[in-house]
Amino acid sequence: MAENSGAKQGTASLFSPYKMGKFDLSHRVVLAPMTRCRALNGIPRPALAEYYAQRTTNGGFLVSEGTLVSNTAAGFPHVPGIYNEEQVEAWKQVVDAVHDKGGIIFCQLWHVGRASHQVYQPGGASPISSTNKPISSRWRILKPDGSYGAYPKPRALETYEILDVVEHYRKAALNAIRAGFDGIEIHGAHGYLIDQFLKDGINDRTDEYGGSIANRCRFLMQVVQAVVAAIGAERVGVRISPAIDHLDATDSDPLGLGLAVIDRLNKLQLELGLKLTYLHVTQPRYTAYGQAESGRPGSEEEEAQLMRALRKAYHGTFICSGGFTLELGMEALSQDDADLVSYGRLFISNPDLVSRFKINAPLNKYIRKTFYTQDPVVGYTDYPFLEKGPLSRL
């Protein structure tokens, strides 16, 4: 069972302290990683420092937006990278702003794989993936000019190329630590590159990275091992979403896949004699174009059973995410279904979400059309705090 602050089962709440490895958290409300498209030309700007600082509490835990590990990793306009010196230097002001308010921040390392377009690729090349199958027309990609288009056919990585991509993650992790981040989260979820290797609905390879669950887990585990060797297990989190179909990321046995990943992470921890910082798992109700307003069709009890099975299997801190409200978060913790709960959309529109949750105050409504714009203020840092006047978006 996970490390915790000593709270007995049934007594933990969103506002209970928690010891996450070497980090002492004052509460269990986590800022989820969210793409916001405000890093013009891939460089974090002062607006990012303000945005993250607004959402920082003393002893609070934040995960950065998906941050590119290489120049082939992008699938959205103006997302930040951490693969060159200019990016590393720019991130320092963001991290410092969080640390100045007593927060703890991890950098989420991201490669979108086939969820990209030639317009984002060096020389207009095809996006890379585990496969040469494109994402279906059910999904659309946001292009730099603000239009939406079809996902193109990707190029399946040659076997010999895969370790080069692993190296990109390793270097990005080292860069994140140089930028001052407290650790990193490996994005292995939501239909992006690592998930494209994990899921049998996508991965059609016939080499040692395809076919069996063991082979499909190989790329993720090579990334985890490389990053752990570079910066230490106590600074590494992993995010997975075995039951999520985002970007056609389906698997014939989601529970089996999730348990297989967890088994390998547990064994690695045992071999190291150290625990990873956490495992971050997205609830099945996360669906197309973000989190569904009314939840994913299907049995809520089946979803709960799947998440509980993963929670029970993992030997370490377990973070859950995906459409949580104050009430659902409190329920998850009181029932010992998670140690921490991460929030996305509610944190976009409520920079003081933790304070509002504590007093059960009304929440600002988020404005979806400004989620992915490039304005450094509108829909980004202009949502009001409780103590700063009337709540115009109630």
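**Close-up views of a predicted model**

View 1. His187 is placed opposite Arg239, a residue of strand 11. In this predicted model, strand 10 (residues 183-188) and strand 11 (residues 236-240) run parallel and are joined by five bridges. Both strands belong to a closed barrel of eight strands, ordered 3-4-5-10-11-12-15-16, with parallel pairing. On average, neighbouring strands of this sheet are turned by 25 degrees against each other, direction ignored. In general, the strands of a sheet pair through backbone hydrogen bonds, in either a parallel or an antiparallel manner.

**View 2. The largest nonpolar core and the surroundings of Phe219.** The largest nonpolar core comprises 105 residues. Ile82, Tyr169, Ile184, Ile186, Phe219 and Tyr343 have the most contacts inside this core. Helix 6 (residues 218-231) gives the most to the core, contributing nine residues. With residues up to four places away in sequence not counted, Phe219 touches Ile162, Val165, Val166, Tyr169, Leu193, Ile194, Phe197 and Tyr209. Another core, of 12 residues, lies apart from the largest one; among its members are Phe23, Val63, Phe106 and Leu340. In soluble globular proteins, nonpolar side chains tend to be buried together.

**View 3. Packing of helix 6 against helix 7.** The axes of helix 6 and helix 7 (residues 254-272) come within 11 Å and cross at roughly 25 degrees. Helix 6 is therefore roughly parallel to helix 7, since angles under 35 degrees count as roughly parallel. The crossing of helix 6 past helix 7 is right-handed. On the helix 6 side, the contact involves Leu220, Met221, Val224, Gln225 and Val228. These residues meet Val261, Arg264, Leu265, Leu268 and Leu272 of helix 7.

**View 4. Pro254 and its contacts.** Pro254 lies in helix 7. Its relative accessibility is 26%, so Pro254 counts as partly exposed. Apart from neighbours within four places in sequence, Pro254 is in contact with Pro242, Ala243 and Leu306. Pro254 and Val69 are 185 residues apart along the chain, and their C-alpha atoms are separated by 27 Å.

Terms used:
Residues are numbered from 1 along each chain as its sequence is written. This is a predicted model: local features need pLDDT of at least 70, side-chain atom pairs count only at pLDDT 80 or more; totals for chains, interfaces and linings use all residues. Side-chain values use heavy atoms; hydrogens and water are left out. Two strands pair if DSSP finds at least two bridges between them. Helices (H or I, at least four residues) and strands (E, at least two) are DSSP runs, numbered from the N terminus. Axes are lines fitted to C-alpha atoms, for helices over the stretch in contact, and angles run from 0 to 180 degrees between N-to-C directions. A nonpolar core is a set of buried Ala, Val, Leu, Ile, Met, Phe, Trp, Tyr and Cys residues joined through side-chain atoms within 4.5 Å. Buried means under 20% relative accessible area, exposed over 50%, partly exposed in between (1.4 Å probe, protein chains only). Contact means heavy atoms within 4.5 Å. Angles under 35 degrees count as roughly parallel, over 145 as roughly antiparallel, 65 to 115 as roughly perpendicular and the rest as oblique. A crossing is left-handed if the near helix is turned anticlockwise from the far one by less than a right angle, and right-handed if clockwise.
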